[in-house]
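I want to keep a record of what I looked up in this model, one topic to an entry. The structure comes first, and my notes follow.

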Amino acid sequence: MKIIAYGIRDDELPYLKEWEEKNKIEVKAVQDLLTTDNIDLAKGFDGVVAYQQKPYSDGIFEKMNEYGIHAFSLRNVGVDNVPFETLRKFNINLSNVPAYSPSAIAELSVTQLMALLRRIPEFESKMKSGDFRWAPDIALELNQMTVGVIGTGRIGRAAMSLFKGFGAKLVCYDVFRNLEIEKEGLYVDTLEELYKQADVITLHVPALKDNYHMLNDEAFSQMKDGVFILNYSRGMLIDSESLIKALDSGKVAGAGLDTYENEVGIFDIDHGSQAIDDPIFNNLYNRENVMITPHSAFYTKTAVKNMVQIALDNNKSFIEKGTAENLVSLD
Ligand code: COI
């Protein structure tokens with residue numbers, strides 16, 4: 001058995017080698033992202049492992065089928081850049097890593113919320129210029145707030161336990177309800193109800209078509225004045241122009257964002273002194289009450305190790321048994 005892994009970064013390589021040695025299976029690491037131009041490198045291999053944010057084009061899978069490869073394993077959770085119909089057509093199995101570290105995402109979301117509530121960016125910039133006064137940057141306490149969690153999957157639930165630890169009240173919404181949360185009576189029936197009650201809204205839902213711009217003008221208008229918004233899921237969930245309007249009006253008091261709807265070409269790139277050519281992004285980026293990280297919530301040693309090794313486990317399982325623990329349904 002031989003597996004080829006595309007888009008392998010230096011920080012992933014030791015985990016890939018560790019898996020290779022433990023499993024006695026050859027894994028070829030390719031630094032470049034997977035495209036139709038380099039899929040020919042996969043000829044002679046039994047499975048393909050990949051991670052990238054750019055869309056995977058149809059031609060990749062046509063070639064995989066030609067080479068007799070029917071095992072395709074992602075190292076991440078999101079499957080929104082994979083053409084399901086093409087995989088179905090060529091009978092290619094798809095897996096993801098749904099739980100490489102829910103805590104990694106949850107911990108950054110809470111960290112940024114706390115920084116916003118405690119006015120860390122404002123104090124930092126004041127103190128850098130020698131101003132050590134308190135006012136006007138009075139803080140808010142999370143234990144006095146209600147956090148609205150949209151999406152109660154693994155990451156949403158990991159975030160909930162952290163918010164609980166701070167003593168916050170919780171209110172949740174999900175179309176697929178979790179039994180434990182149901183028992184605790186934390187669900188509301190509509191998003192509107194959640195918007196009405198929440199002082200903080202945190203998004204943990206996937207990038208499905210129906211979720212496109214779920215936070216738009218209408219949604220913001222239903223929220224409490226001075227609400228805080230957290231998005232550690234997918235940029236497309238928020239209409240960024242609506243968010244800017246809501247920040248301008250004070251409807252939204254602050255936002256913690258690890259994603260942005262047009263982030264490909266902005267994040268995980270060293271821009272040096274070059275300005276970013278995206279006025280909407282720059283508008284958000286230049287605000288003290290908006291904390292942006294470059295989709296780096298997943299970037300912990302624990303998560304990266306799990307992403308590499310669980311993806312390889314899935315791929316091996318596809319090759320050996322035709323199925324895998326994290327098989328993604330293509331329906
Ligand atoms: C995912 O796992 O889908 C993510 O959003 C993290 C990715 C940047 C590795």
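I began with leucine 194 and found it buried, at a relative accessible area of 0%, where buried means under 20%, exposed over 50% and partly exposed in between, with a 1.4 Å probe and protein chains only. Leucine 194 belongs to helix α8, residues 191-197; helices here are DSSP runs of H or I with at least four residues, strands are runs of E with at least two, and both are numbered from the N terminus. I also looked up its distance to alanine 207, which is 13 residues away in sequence and 20 Å away in space, C-alpha to C-alpha.

I note for all entries that this is a predicted model, in which local features need pLDDT of at least 70 and side-chain atom pairs count only at pLDDT 80 or more, while totals for chains, interfaces and linings use all residues. Residues are numbered from 1 along each chain as its sequence is written, and side-chain values use heavy atoms, with hydrogens and water left out.

Next I turned to the ligand. Which residues surround the ligand? I listed Tyr51, Asn76, Val77, Gly78, Tyr100, Arg234, His295, Phe298 and Met307, taking a residue as near if one of its heavy atoms lies within 4 Å. This shell divides into 5 nonpolar, 3 polar and 1 charged, under a scheme that counts Ala, Val, Leu, Ile, Met, Phe, Trp, Tyr, Cys and Pro as nonpolar, Asp, Glu, Lys and Arg as charged, and the others, Gly among them, as polar.

For polar contacts I used pairs of N or O atoms within 3.5 Å; within protein, one must be able to donate a hydrogen and the other to accept it, and residues adjacent in sequence count only if both atoms are side-chain atoms. An oxygen atom of the ligand lies 2.6 Å from a side-chain N or O atom of arginine 234, an oxygen atom of the ligand lies 2.7 Å from a side-chain N or O atom of histidine 295, and an oxygen atom of the ligand lies 2.9 Å from a polar backbone atom of valine 77. The protein covers 95% of the 280 Å² of accessible area that the ligand has on its own, by the Shrake-Rupley method with a 1.4 Å probe.

I then looked up the second largest pocket, whose volume is about 620 Å³; a pocket is an open set of points on a 1 Å grid over the protein atoms alone, with protein on both sides within 12 Å along at least five of seven lines, and lining residues have an atom within 4 Å of a point. The volume is the space filled by probe spheres set on the points, which are joined across faces, edges and corners. Of its 21 lining residues, Arg9, Tyr51, Gln53, Phe267 and Asp268 are the closest to its centre.

My last entries concern the backbone. Most residues other than glycine have a negative phi, and most peptide bonds are trans. Aspartate 268, in the loop between β10 (252-257) and α11 (279-285), has a positive phi near 55° and counts as exposed at 71% relative accessibility. Arginine 119 also has a positive phi, near 60°, and is partly exposed at 22%. The peptide bond from alanine 135 to proline 136 is cis, with omega near 5°, and proline 136 sits in the loop between α5 (120-128) and β6 (146-150).

Definitions and conventions:
On a 1 Å grid over the protein atoms alone, a cavity is a set of points where a 1.4 Å probe fits but cannot get out, and a pocket is an open set with protein on both sides within 12 Å along at least five of seven lines; lining residues have an atom within 4 Å of a point.
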